[in-house]
Amino acid sequence: MPDDLHHSPIAFTPNIEVRAEDEAETIQGLNEQLRLIQEKTAKDYGTALRGVHAKGHAIVKGKLEVLSGIAPALAQGLFAAPGSYDALLRFSTLPGDILDDSVSVPRGLAVKLFGVAGDRLPGSEADANQDFILVNGPAFAAPTPKAFLANLKMLAKTTDTGEGLKKGLSATLQVVDAALETVGIQSPTIQTLGGAPNTHPLGETYYTQVPLRHGGYIAKLSIAPVSPNLVELAGSKVDTAGRPDALREVIGEVLIEQDSVWELRVQLCIDLEKMPIEDSSVVWDEKQSPYVAVARLTVPAQLGWERGLSEQQEQAVAFSPWHGIAAHQPIGGVNRARKPTYEMSTQFRGQHNGCPVHELRALADLSTQGMTID
């Protein structure tokens, strides 16, 4: 076993998951809050949006290449053998409404891989895709579905708040968050509500935050920039003054110039007490179990956002951690709660907009003809 695997990984068994007695009630509450957000935004914008991560900043095509020579414990699921998969990437920000980019909140990266073979997860039996949902922080903002519901209620309360107030709140919270970080404290709640540092999305490392089955084991995944054009952006701030779509602009400026490359990395669970399954807020110690590269994700030079087309593509596609193969089954309470809530959110979009969201069969099925926007 290579040096980058310091300890024996924990084997996956179904009994590692422990459901709270009131989990079904909590999930119903999550659905209600997401529905409330979507109803508010549908009224405001005249079209139904995602319940969270509504604003996209780039939607681009790429290719994932699985590396050779991976250690057996890492070479699991779709990473079991070298190969390549077409990929669709969507960069976004957290809230369920379309905000000025000066309101700085956590960033998301959703990846859809096409033509992935294997036994399917419930609800995706007819598909052949694998989705990974990642955010630019190593742990989830809430430990349990119940705490997730409390956070979502706060987010729902800010959804109908005037944008000017949100800008002021975000600026204040960014100062508070920076002050906390100087004394070694991070506040996911403050960042969720608009206090996240306004850094360049392409310089960020993205994490699944919550655990997944990794074939016979348990893991979290990350996607980290490795090409020089991305690495040099790490920590760089984005000037959003007078630029409501600044993130689309700065992402587009980078992606159009040259190919961009990330590594997809796996962190294996080696200790269920220090790396818990049912507490999603715990950061797994990278000194004990480092993230190890298993694949490279390349986005050829292209437009990051094409007005008229990208909006249409975003509405035509859905991402969910439950779109995939059983070898990468989402595990833990937050993940269990995500399945029905993501399904509800997608159904609401389809019903309200009069066009059901169908899972893409191939990357080529994504529209290349945009609509006219005056």
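Modeller: I call a residue buried if its relative accessible area is under 20%, exposed if over 50%, and partly exposed in between, with a 1.4 Å probe and protein chains only. Helices (H or I, at least four residues) and strands (E, at least two) are DSSP runs, numbered from the N terminus. The model is predicted, so that local features need pLDDT of at least 70 and side-chain atom pairs count only at pLDDT 80 or more, while totals for chains, interfaces and linings use all residues. Residues are numbered from 1 along each chain as its sequence is written, and side-chain values use heavy atoms, with hydrogens and water left out.

Helix α6, residues 246-255, is mostly covered, with eight of its ten residues buried; these are Ala246, Leu247, Arg248, Val250, Ile251, Gly252, Val254 and Leu255. Taking contact as heavy atoms within 4.5 Å, the elements that cover these buried residues include the strands β1, β2 (83-93), β3 (107-114) and β8 (260-268), together with α5 (228-231).

Two of these covering strands, β1 and β8, lead on to β9, where pairing requires that DSSP finds at least two bridges between two strands. β9 (residues 292-299) pairs with β1 in the antiparallel sense over four bridges, and there Lys63 stands opposite Thr298. With β8, β9 pairs in the antiparallel sense over seven bridges, Trp262 having Leu297 of β9 as its bridge partner.
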